Amino acid sequence: MQRKQVLAGRRTQLDALDEACRQASAGGRFALVTGATGSGRTALLTVAGDAWRSAGVTVLRVPPPAAPGSTLDGFAALRDVLRDQYGQLANPLLAGPLSAIGALCADAGPPVPGRPALLAQETSAAFGLIGRNAPTVLIADDADDAPWLVAALAAAVRDNCLVVAASRVATGRLAALAGVVVDLPPLDTAAVRQMLTRRHGAPVDDAVPVVLDAALGPLAGNPATVLQTTAELVRTGQLGIVGDHLCLLNPQPSISLASQHPLVAAARRRGGAAVRLATMAAVTRFHVGDLPLFADATLGRIDGVGRVLDGLVADGVLVVRPDDVISPRCPALAARLVADAGAAAVTRLHRAYAAAMLRRSGSGVPADRATLADHVTSAGVTLPTDRRTALALVATAAEAMDREPDRAADWMAAALRHCGGGPAREDILARLLRLLARTGQFARLGEVVRAVPAGADHADLAAAGVLAALHTGVPVAGVLRPLPDGWAIPAMVDRWLTATPAAASLPAGASANVASPLVTDAEFALVGWACGTGDLPAVDHDDARPPFDAGRPLDTDQLLIAGAAGDLAQVLRLILGAGRYRVPSDGPLAAYHRMLVSRARGDLPGVVSAARQVGLTGGQACVPRRLARLWAAESLALQGHGGQAAAWLASVPDEPPYAALRWWVANGPAGEPGTAAEADRRLDAAHRACRRQLRYGSRIGVDRLLVRAAGLAARFGLATRGAEISRLVEADFVDGRPDDGSLLDRGTARLVCALTTADPSAVAEAIGSIRSRNDRVELGYAVLDLGRVADDPLQRLLEALETAAEIGAPWLRAAAADAMRARGVRRPRSRAPRTGLSPVETQIIELVRCGCTNRQIAVQIRLSEKTVENYLTRLFTRTGCRSRVELAAASITSDTLDLAS
């Protein structure tokens, strides 16, 4: 592992060691470097030693201890170091102390009183002679593994001599000797990103540190563990370069520690029983009270199992929580234990455990039903099928349905295997399908549907197959059979996966629902049926509302907003309710939904990261992938990365269902028109894109297209164009509210009105509506657009600057500054002092002016994000500024706001 990679984020510790070395000239110093295994102690000492040698310091390094020793061995080790470097030290007077130390260490006779004191005296004399010629540093790594060396190290502390020892923790005599303790805490996220960028030669996608932190738990930020784990991910094809970023290529498999990790090796050293115990803790809910049962299942003795547990806890492999639950140190260790054991061995372990529980139950000892159900489920086909087992599993699952639905689904799937055929199987299958749909386990839902024997005629299979295909991007072939009561199979899957035109696929008389431009009434009912909202109702294409759960009020605006963004997962959640539909954790729809959530937070790099994840999801989901590229292009353009934005934009065809959103991206940060004539031509293109999109049967992006078009018309004085857009929006509403065919939510409609008429009431209502969405990016656009045309631009444009600083959008900042010049408004006179700023403070202010977020600033100037926050807090206090925008403006020397420089 390269030293620079391990030393990411360790500049503070290096500075502390340098200061200790300087202070050693006035008197000997003992410094202790502490940190967990893999925290980079050795690398830190190596780099520090190289730097000291370059500065003319004599650096001596004690070899790592190979075996236990005695105090004499400690002094002998220092004598050997001095002998090896005798020529470099070039001091003939050293011969006397070295000979004396050798004689005292070689004396094999009876113990000599005061021998340790004599050795310490001679060692001290030797290092005193060395320190007279040049500053000296003595480095001893892993000193806590060699307590017999400590006395010799203490004797080496003399004037102009620094002793640096490294250990896992500061305890005992090492802690007592240390005048300086340099601790190596886990690396923060910025340092981890820097380290991985250096190792792999590419910037790190935002999702990678998040997933690593979740998998490594308390080991997150440990340099050696992070590098070992990512190397394993690269080897197994889970991590690689996508475009120009290091990304998780397949986030589905569990992330495992490397097979050579110290914790894995520690479990192996304890023997087979220890590995089995650790593996059982990794695959089940294991308590201290389960040890007797584990001993019975593995034919071991309880006292032996207890000692094994104590050893694994001492090694840090297992942890015992306050509730007596035993678990591996982190999820990645659990995944490694399971992978090393293999699926067959884990299954046999579960079967043995289940058999032991049944034996104890037969002898009158009650068994925990949930735990037994877990082991029966995980034992799989190794247990013979038994109808009584199926009934017990169903009963246990029914009790846990609301409390632990995921676990209940596992038990229900096992019951399906044990039940045989007949009506009982049909009932269990129906329950399982709806439970998997309700808990968002759509990949597994598809597996269950595919496993149903050919020719089975179960009413729920088609609905489950549609839902599974939508969320995984993988069609479920052979199960989309006709539904009862005359229902035809909807073309929802084809539209979403292969971009089949929606209008052409709708049944005769059917229409898109006001709740979404993505889903028809029939499809809403089908999804609701699959998620357990009741029986499939009769088809009524004249009723434009969802035909199920009509008693629950729907927020039409939210549905229109989600649908216009193409967020099918959010649409289903709003229609079905959180209790009946859970946004899944994986698949194209889930990744697309996370992307839009990141955008609403103002996390522009997160949008690009999530868009990459949408592209890496399996299956045929071309629609969310292409839409995700458009959102990524817009986010990159906002951040000032025009070249990358153009590449993402060019990868999406200019055709429905992408046409409206694509025009929106192409005519915003990615490339606004510069003249009225050009704006007029682009508005013609907007009209054509909108018509094509609606004729296709999709409203995705139409709302944003109309807002941006209205803004261009107002900005370039194209009154006729603005009036056309305004009439279109007015006709879209009935009695001031959306009707069943509306294109826009009320807030967007009022924003278009405000842009085309500059009506103060419309402006106020539009801003209030946009604020209520809690979408930072949309708010930034809205205040910028209104500031360009409203009668009171200053307040709006200042808010645009503030938002640009918060979300890290240099384009938005520059556009707001340009608008302020064009509107002839100035910001209040600066209250910031012109002098007295440190170089770091000046650099932070400049990066704030460029629109960087705290995280981006921290990465660029190599400080932690918390330190950047502290700097900003102090700057606000000193300057009297109340916001990042005021601070940026206060650093300008001109009274006129000039942020373009």
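Colleague: Where is Val288 found?
Modeller: Val288 sits in the loop between β8 (286-287) and α15 (291-297). Helices (H or I, at least four residues) and strands (E, at least two) are DSSP runs, numbered from the N terminus. This is a predicted model: local features need pLDDT of at least 70, side-chain atom pairs count only at pLDDT 80 or more, and totals for chains, interfaces and linings use all residues. Residues are numbered from 1 along each chain as its sequence is written, and side-chain values use heavy atoms, with hydrogens and water left out.

Colleague: Why does Val288 count as partly exposed?
Modeller: Because its relative accessibility is 31%. Buried means under 20% relative accessible area, exposed over 50%, partly exposed in between (1.4 Å probe, protein chains only).

Colleague: Which residues make the nonpolar surface patch?
Modeller: Val288, Val313 and Val320 make it, at about 180 Å². Patch residues have over 30% relative accessible area and no salt bridge; like charges are joined within 9 Å, nonpolar side chains (Val, Leu, Ile, Met, Phe, Trp, Tyr) within 5 Å. A salt bridge is a side-chain nitrogen of Lys or Arg within 4 Å of a carboxyl oxygen of Asp or Glu. Areas come from the Shrake-Rupley method with a 1.4 Å probe; for residues, only the protein chains shown count as cover.

Colleague: Back to β8. What is the strand order in its sheet?
Modeller: The order is β8-β10-β9, an open sheet of 3 strands with antiparallel pairing. β8 and β9 (318-320) are at the edges with a single partner strand each, so one side of each has no neighbour in the sheet. β8 pairs with β10 (residues 325-328) over 2 bridges. Strands pair if DSSP finds at least two bridges between them.

Colleague: Which residue is the bridge partner of Phe286 in β10?
Modeller: Ile326.

Colleague: New topic. How do the side chains along β5 point?
Modeller: They alternate along β5 (residues 180-183).

Colleague: How many helices and strands?
Modeller: The protein chain has 46 helices and 12 strands. Of its 901 residues, 53% are buried.
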